[in-house]
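Dear colleague,

I am passing on a structure to you, and I would be glad if you could look it over before reading my notes below it.

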Amino acid sequence: MTEIRELPESDILPLLPVRDVVIFPHMILPLFVGREKSIAAINEALATDRLIFLATQKEMIESPEVEDIFSIGTLAQIMRTLKLPDGRLKVMVQGVQKGKIVDFVSRDPFFKVRIETVFDTEPGDLTLEGEALIKLAKDQVKELISLGKNLPNEINSIIQHVREPSNFADLVAGNMDFELEDVQELLETLDPYARLSRLNVLLGQEIEILTVQNRIQNQAREEMNKSQKEFFLREQMRAIQTELGEGDIKNEDMEDFRQRLEEAKMPDKTYQEAEKQLRRLEMMHSEAAEYSMLHSYLDWLVSLPWSHSTRDNLDIIKAARILDEDHYDLEKVKERILEFLAVRKLTKKLRGPVLCFVGPPGVGKTSLGKSIARALGRKFTRISLGGIRDEAEIRGHRRTYVGALPGRIMQGIKQAGTNNPVFMLDELDKVGADFRGDPSAALLELLDPEQNHAFSDHYINLPFDLSKVMFIVTANIIDPIPSALKDRLEIIRLSGYNADEKLAICKRYLLPRQTDANGLKKDSLHFSDKAILKVISEYTSEAGLRNLEREIGSICRKVARIIAEGKKQPLSISENSVEKFLGPAKFLPEEERRENEIGVCTGLAWTETGGDVLYVEVSVMAGKGQLNLTGHLGDVMKESAQAALSFARAHAKELEIDPSLFAQQDVHVHVPAGAIPKDGPSAGITITTAIISALTGRGIKTGVAMTGEVTLRGKILAVGGLKEKILAAVRADIKTIVIPRANKKDLVEIPPNLLRKVDIIPVQNMTEVLQATLEDKP
C-alpha cells in the first residue's frame, strides 16, 4: 500500500526537468545541464543540502511549462559537478526516493516545487510468484544480451545477486532503452510485482524485435555475400575475356548506346530522360531482372527517328507524272496530292493531311498510298487495323508488363526510319472494341493535326512529333467509323471502274505484271481488247480489279504451261479462245427481261463491294388484302414496301386501280437471291413501280433501272452511291436510269464517257417515275 508522508516546509526543492531519461531510486548517472533555469536549480541545490527533484519532460522541448512535466519523479542527491568548456555542467546524481509534485512554488528563475515522498507497496516475504517473475526477467535479460543487446558489462552479474523485487525492477528498467512512456509507467507503478509483470512484457517485446532484426541482418548478410561472390566471379570472367581479346561486352554495349544517343538528336527533355535511364543501366547488374527491360527500352529510344526526315519532292510536274504512271484516272485524289505539294512548296510549316480513301475492295486504295509516297519522295509504311480490339495495339503496353512493346504506330515509325513517312492505316472500318478498350478512341489523338505533335505511346512514355507524317486511312464503308473520328478525316471516295477503265488499266498495269510474274516474255502472249472485255463482263462482276487480275493470271499460267511443254509460241488470246482457258462464263447477262413484264422492275443497289443490280418481283393473287415480303429483306426495305402499298392505295383513283382489290387481293413482293441480306431505302421507287405495275396490269419497260427513296406523298428523295450504281447498270447493259432530281448535282463527278453510255432521267415524284417506266395505257 502506498504511503505518502507530508514533508516539512524545508522539503520544498528545486526542480530539474530532464529529457529522454527516467531516473529511478538508487540509480547513479551523469546529467549534462545547459539550460539557464536548470543551471540555476543546480546552483540552488548546491547552496543548500545538495538535494534536487528530477522529473522527466513529456516532450523534447527547450522551455517546458508545468503541463509538460510528469508529476511523478525521483528525489536525487548531487554527488559532484564539473563545469565544461562550453559552459555546461556535468552533474553526477544518485536517485534517493520516488516523489510526487504537489505544487509549483515558483517558476522563475527556476522551478521550485513542493513534493510528497511516494513509497512502493511493501512486498513482504518473497513469494513463488515473485521468484518466478524475477527469474523470468533474468532469463530474458540474458537472452537479450545473447541477441546482441548493448548493455553495461556489469549489469548481468549485478542482477544475478538482486532478490528484492522493487530494486530488481528499477535496476533493469533503468538500463533498458524502452519507450519513454513505458519507463515512466514503470516508475509510477508502486506495486513491485505489477511492475515486474509489466517489465517482463516489455522485455519480451524487445526480444521479438531483436530476433526479427537479427534475421533481417542475416538475410542481408547472405545476400551481400552472394553478391560479393558473383562480383568476384564476374571480375574473373572479365579478366579472362580481356586475356582472350573478347573485351568487356557490357562496356561495349554502353558505348554503343552513348554513340547512338548522340546521333539520335532527340529533343532536350527526351535526351535527358534517355541519359538518366542509360546511367541507371550502367550501374545495374546485367543479371538483374530489370536489366533486359531497360535495355530494350533504351534500344527503342535510340532507334526512333526523332529528327531524321526525308526531303519532299517539290517538283509538282514530276510528282504528277509519277502519279499518272502508277494509276489510271483517280483525278480527284491526284489533284489533292498536288495541292498539298504546292502549299508545301510555299510554306515550310504545313502539317500532314489525314486522307481517308473510301471504296469497295480492289479499287487501288493501298497501292495509291504507295504511289503517293513515291511521288512525294517519302518512305511508306502500312499497318492493318482490321480485327484490332485492344487499345494497347495502338498506344502500346506500359513497361511494367512482361513482354511489353510499343504500339503499332511507333513500330511503323521505327520501320520507316523517318519522322515524316506516308503512313497508311488500312481497314479502319473493321476496328473492333471490347473490355480492353476502344482502339478508335486512341486514334482520335493520332489523327488530329492539332494534337499529334506530342503523341504519347504508353511504352515510350515520351512525346513524339507525328505532325509531319502524312496519314492515309482506308475503309470499304464509312458508316462504322465513329463520328468524332470521321470529323478528323478528309474523305475521298473511290467508286470503282467501268469496262473501258478496266480495259485501260488491264493493258497498262495488270497484263505486264502478270506476264512478268509468270515468267512470260512480252512478245510471247497477246490479248485482244475484245478478249479482255469478255473476261471483264462474263468472268468478273466487281467494282475493283482483283478478280480481273486473278483471271488474267489464270490465263498466263496456262500459257506458261503450254510454252514449258515446248508447244507453239507466241500465243494470241482472242474473244473466242477465252472460254478455252477459263471455262464457261461465270456471269451471264440477264435473259429474263427481253420483253416488257408486269410486276418485274429493275433497281440499283449499293453494297460494300460496289454497285449491283436488284430485281423486284410483285404478284397479285386472291386473298384478304395482306402484304407478303420475301427475299431476306431488312427492316428499312420492309418499311419501303409498306409505304409503296400505302401510296398505291392512297392514289388508287389517279392510277385507275379498283379500290376493292386491296381488300380482296394479296400482294406478294419478292426480291430474288434470297440467301443474301438486302436493306436500304433506295429501293423505294423500284418496289412502288413494281406494285403499281402488278395492280394496273401495265408492263415495265425493258432496259430501265431506277434508284431513289419514296415518301407516302410520292416525293422522290436523294440517295447515295450514285456512281457505283451507274457502273452496275452499265455492266448489266442497262441503257436508261431513273434517279432522284436531287441527285442531279452528283452527275458532275461521273466521268463523261460513262454518262454517254446511259440515258439519265431525273424525277421528282412518282408520277414522273411511272411516266418514264410503265407502258402506255392501251
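**What was found**

Is Gln140 buried or exposed? Its relative accessibility is 11%, and because buried means under 20%, Gln140 counts as buried. If its neighbours within four places in sequence are left aside, the residues in contact with Gln140 are Asn200, Leu203, Gly204 and Ile207.

Turning to the chain as a whole, its secondary structure consists of 26 helices and 25 strands.

As for the overall dimensions, the radius of gyration is 49 Å, whereas a compact globule of 778 residues would have one near 28 Å. The C-alpha trace spans about 145 × 85 × 55 Å along its principal axes. The chain exposes about 40,100 Å², of which carbon and sulfur atoms supply 50%. There are 103 positive and 117 negative charges in the chain, and their mean positions are 9 Å apart.

Finally, a word on confidence: the average pLDDT of the chain is 84, and 93% of the residues score at least 70. Over residues 1–10, however, pLDDT stays under 50, and the model has 18 contacts beyond four places in sequence for this stretch. Where pLDDT is low, predicted coordinates should not be read in detail.

Conventions:
Residues numbered from 1 in each chain as written. Predicted model: local features only at pLDDT ≥ 70, side-chain atom pairs only at ≥ 80, totals over all residues. Heavy atoms only, no water. Helix = DSSP H or I, 4+ residues; strand = E, 2+ residues; numbered from the N terminus. Rg over C-alpha atoms; globule rule 2.2 N^0.38 Å. Areas by Shrake-Rupley, 256 points an atom, 1.4 Å probe, with all protein chains shown as cover. Lys, Arg positive; Asp, Glu negative; His and termini not counted. Charge placed at Lys NZ, Arg CZ, Asp CG, Glu CD. pLDDT = per-residue confidence, 0-100. Contact = heavy atoms within 4.5 Å. Buried < 20%, exposed > 50% of the residue type's maximum accessible area, 1.4 Å probe, protein only.
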